[in-house]
Amino acid sequence: MASGSDPGSFSSFSKCVTKHLNLSYHVDFERRVLKAKVALTVEVLEDHFSSLTLDTRDLKISAVTANGQEATFAMGTKHSFKGTPLEITLPFSLSRGQHVIVEVSYETAPTASALQWLTAEQTAGKTHPYLFSQCQANHCRSMVPCQDTPSVKHTYYAQVTHTHTHTHTHILHFLSAVRDGQEPDPQDSSRIIYRFRQPVPMPSYLIAIVVGALESREIGPRSRVWSEREYVDKAAFEFSETETMLKTAEELAGPYVWGQYDILVLPPSFPYGGMENPCLTFATPTLLVRTQQVSVIAHEISHSWTGNLVTNKTWEHFWLNEGHTVYLERMIGRSMESEQYRQFKAMGGWKDLQDSVNTFGAKNPLTNLVPNLHEVDPDDAFSSVPYEKGFALLYHLEELMGGPEVFMGFVKSYIQLFAYNSVTTEEWKNYLFTYFKDKVDILNKVDWNAWMHTPGMPPVKYDTTLADACIALCKKWVMATEQDLGGFTESDVKTLSSHQLIEFLSLLLQEPLPLSHVMKMQEAYNLNSIMNSEIRFRWLRLCVRSKWEDAVALALKMATEQGRMKFTRPLFREVYNFEKYREEAVRTFQTHRAAMHPVTSGLTGKDLKVDPSQSTSL
């Protein structure tokens, strides 16, 4: 039974919980709004129930009914990041266990934080406009009035229309759900109604919509890849291992319950590497290099179990989603590659964790595994901490409990027990002690407070076999005098895999080099010619950090030609920290911010200390 509240939501799920949403959207590209209706089937959890609160952000509410009768509603006080509570008073009283259908008619704002509207010019094809959503963590409320908390899970049904003009005939619509057919709108012959159903209960942050000129290719018995025509064949080739990964995940974690597993390659402004929307994973086009996409798609596939099936109850417990997903992703890598590969990926993640801890500060409570998010925007808390500190804890427990096979047994059992539910760290820990009841004395020796509630880096060691070559080469560069520089040649990196090259550059970012060394590195290794985003990102940061002026334009180009926050924010920060080019960083951001995803522009603006009211449009 759901109980309690969530610091990121106005809706108290101790009073009532949403069981089903019925959504109806009309997409208006000209005005950049969704005209919508949502019917929420709500189960009442207390007697004498006559009012409820829903989360909204920048929505224009026109009417509310309860079981078809008019209900009174009022908008509460607007909060800086939580939005505005929608207070609804029912025209009757209900008892515990009863249900009510609350229908809200509304319109989204052109600035809705969940939605990015792209003009035709901003797409690869340049002929059709494009819309996509990103609701995690608490942006769903800007496109649906709802209980916008991961504590509440519901099924949903949706229908989407938009007015077809002669220029918009090939636009397709998708949601994080199974397609349920399409038909002409009986009330308007210029429209087609697209229908979708999601029969598996899921939290609001996994509701997703995309509308654009999309094509698809089959990549497996339950998978298609979708994208603009310009990317689709490359994407089909790059994501061809999807079914192998799905089967490997099923062997590890149990059956895949969502039916279809499609991948949508979004335009470059998508702010994340991937987003695990059920039935339709969203992916960045920066993944269209084989060495980069395997771990990201393995990660998003893993979310089908840890995150989508078993969900963190509030964003303070985000590590339950991400730590377990990284653990499962790396177990897939272990099955498909080797244990050494898993260890190597863990070491790379460790560097990302160090980077986040350095950015926040080692004493910052946001580097706790379980942070307090009272009056903290979850977007501001987003970092690699829940991913990599979470993985580090699970890896540490794996070693204590008897190795990967033994611990994976626990993870699978945890997924089966909590499937279709939302959990807290306390519930997870209680089950860990129950499952390993014969090893409680070992578990009691774990410093739980240090892991969960202490900022900074945790104490863990990984196998360094594949990293040793990277460490040795890094040391050679760090120790080199000007006279030694002639000794570096292309053969140093010839035998390194792209994963190892990423690791080598990550190590150097911990040990900044003088400009002479970085210039020599370019001469010897020609790193400027490498297009792999993960390598290029680290290399350009290293160049800018050593104050190589030629690299500034390249860094700003990479920061703006794609919008993945993992790349965009650190590149902008790096140029901003190069005093001479600080104004250039701000100016470039101001020029491009209108084309950025709202979350990316908001957080990058904070990094660059730009007043959000001083934006300049394109």
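**Cys16 and its sheet**

Reply: Cys16 has its place in strand S1, where a strand is a DSSP run of E with at least two residues, numbered from the N terminus. This is a predicted model, in which local features need pLDDT of at least 70 and side-chain atom pairs count only at pLDDT 80 or more, while totals for chains, interfaces and linings use all residues. Residues are numbered from 1 along each chain as its sequence is written, and side-chain values use heavy atoms, leaving out hydrogens and water.

Me: Is Cys16 buried or exposed?

Reply: Cys16 counts as buried because its relative accessibility is 3% (buried is under 20% relative accessible area, exposed over 50%, partly exposed in between, with a 1.4 Å probe and protein chains only).

Me: Which residues is Cys16 in contact with?

Reply: Leaving aside neighbours within four places in sequence, the contacts of Cys16 include Val44, Phe49 and Gln147, contact meaning heavy atoms within 4.5 Å. The C-alpha atoms of Cys16 and Val44 are separated by 4.5 Å, although the two residues are 28 apart along the chain.

Me: How does S1 run relative to S2?

Reply: Strands S1 (residues 16–28) and S2 (residues 33–44) run antiparallel and are joined by 12 bridges; two strands pair if DSSP finds at least two bridges between them. Asp28 stands opposite Val33 in S2.

Me: New topic: how many disulfides are there?

Reply: A search of the whole structure finds zero disulfides, a disulfide being a pair of cysteine sulfur atoms within 2.5 Å. For Cys279, the nearest cysteine sulfur is that of Cys135, 15 Å away.

Technical notes. Helices (H or I, at least four residues) and strands (E, at least two) are DSSP runs, numbered from the N terminus.
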